[in-house]
Amino acid sequence: MKTLLTAVKPTGELHLGNYAGAIRPALEALGAPGVRGVVFVADAHALNSVSDPARLVRHGVEVATGYLACGLDSERALFFRQSDVPEIFELAAILACVCPKGLVNRGHAYKAAVGANQAAGRDPDAGINMGLFGYPILMAADILCFDADVVPIGADQRQHVEIARVLARRLNQTYGEGTAVIPDLQVQAESAEVPGTDDRKMSKSRGNHIPLAASREELRARIFSFVTDGRRPGEPADPEAVPLFALAKALGTADEARAVAAALREGAGYAAVKEQVFESVDRAVSPIRRRYAELRDAPDVIDQALAAGAERARDLASGVLARIKKAVGLS
Ligand code: ADP
Ligand code: TRP
């Protein structure tokens, strides 16, 4: 059995980029035989940026609903809320003591925040909390607490899993082989990046996103708001240069994407191409939208799944934590 671990942090509503770049590939990997899934709502990871408790809870429910709507089998995988498993936080405190500070200084998110402060002439650490700085340590704790063998991730998370690998190796070097399991990364290709309506990477923080649970009408309106160039109908276009094509490739079937490419090469007008992309994306997400709506009306189902999952997750995590605590000399 291989343990495959994945999570999404509840900082906003789930969008098509999260689905195609993180949720769908992880759920596909989970479906393989011989895989034990560990899937969670990384609510403590959102705490460094979400200070409104009601929002944190709401986004947590949205992520849990999203996973189930996308087809996660919560009987088969361990499915839970991170904050229901305190063992993770205990392990994070241990990992902080084996983690060189310099490693975290190089963290992408931290460096970007410092860079933005410097560019604005502010103190380099202005507005940066220790949760943001120590994010990679908490994420390493998530991964090592379940003896994860494989972590499927988008390219943006590569550095985090690499830090988890460094910390696992350090535990083994200092306290003996077998103290921690060294996780493997399974990185999605860069080409899996889904563009938003403005052709930059789709992101809830840019407001260019399409919600995963968008209604058919909202989906159509968002797809019709995608940027296009000034090409006139009749002029052929290179599909690779058209953001709508990237969306069709990420969400539609291979045949549907080929049809969009052919239409663009033949010079179809953008209105027709948008209609075509809309229908293909709608076919992909309409079963998810339907299940999402059903689950939204049955919050007890989600609560029960998460509560049962937390109990099973703690069983596993407490065994791993006990092993690591013993190795390092804690009681
Ligand atoms: P956002 O940028 O909207 O804040 P997150 O950073 O919370 O999204 O993304 C969670 C995961 O979803 C990321 O680790 C990444 O793997 C995936 N993801 C997010 N946006 C995209 C995108 N536009 N294309 C592909 N994958 C994405
Ligand atoms: N940091 C991840 C993100 O922003 C979410 C996450 C938290 C995660 N813990 C994890 C992903 C453990 C994989 C494994 O998308």
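Good morning. Please keep in mind that the model on display is predicted.

I begin with strand 1, which covers residues 2-8. Of its 7 residues, 5 are buried, that is, under 20% relative accessible area. Strand 1 is therefore largely enclosed by the rest of the structure. Its partner is strand 2, residues 35-41, and the two pair in the parallel sense over 7 bridges. Within this pairing, L4 stands opposite G37 of strand 2. Between the two strands the chain passes through helix 1, residues 16-30, and this β-α-β crossover is right-handed.

I turn now to empty space. Rolling a probe the size of a water molecule over the atoms shows where such space is left.

The largest pocket has a volume of about 1,500 Å³. Its lining comprises 47 residues, and K9, N18, D156, Q157 and K201 are the ones that lie nearest its centre. Among the elements that give two or more residues to this lining are strand 1 and helix 1, together with strand 4 and helix 9. By class, the lining of the largest pocket holds 20 nonpolar, 19 polar and 8 charged residues.

What does a search of the whole structure find in the way of cavities of 30 Å³ or more? The search finds 1. The largest cavity has a volume of about 30 Å³. Residues that line it include G107, Y110, F133 and H160. Helix 6, helix 7 and helix 8 each supply at least two residues of that lining. The lining of the largest cavity has 6 nonpolar and 2 polar residues, and no charged residues.

Thank you for your attention.

Notes. Residues are numbered from 1 along each chain as its sequence is written. Chains are lettered from A and ligands numbered from 1 in the order in which they are written. This is a predicted model: local features need pLDDT of at least 70, side-chain atom pairs count only at pLDDT 80 or more; totals for chains, interfaces and linings use all residues. Side-chain values use heavy atoms; hydrogens and water are left out. Buried means under 20% relative accessible area, exposed over 50%, partly exposed in between (1.4 Å probe, protein chains only). Helices (H or I, at least four residues) and strands (E, at least two) are DSSP runs, numbered from the N terminus. Two strands pair if DSSP finds at least two bridges between them. A crossover is right-handed if, with the strands pointing away from the viewer, the path from the first strand over the helix to the second runs clockwise. On a 1 Å grid over the protein atoms alone, a cavity is a set of points where a 1.4 Å probe fits but cannot get out, and a pocket is an open set with protein on both sides within 12 Å along at least five of seven lines; lining residues have an atom within 4 Å of a point. Grid points are joined across faces, edges and corners, and a volume is the space filled by probe spheres set on the points. Ala, Val, Leu, Ile, Met, Phe, Trp, Tyr, Cys and Pro count as nonpolar, Asp, Glu, Lys and Arg as charged, and the others, Gly among them, as polar.
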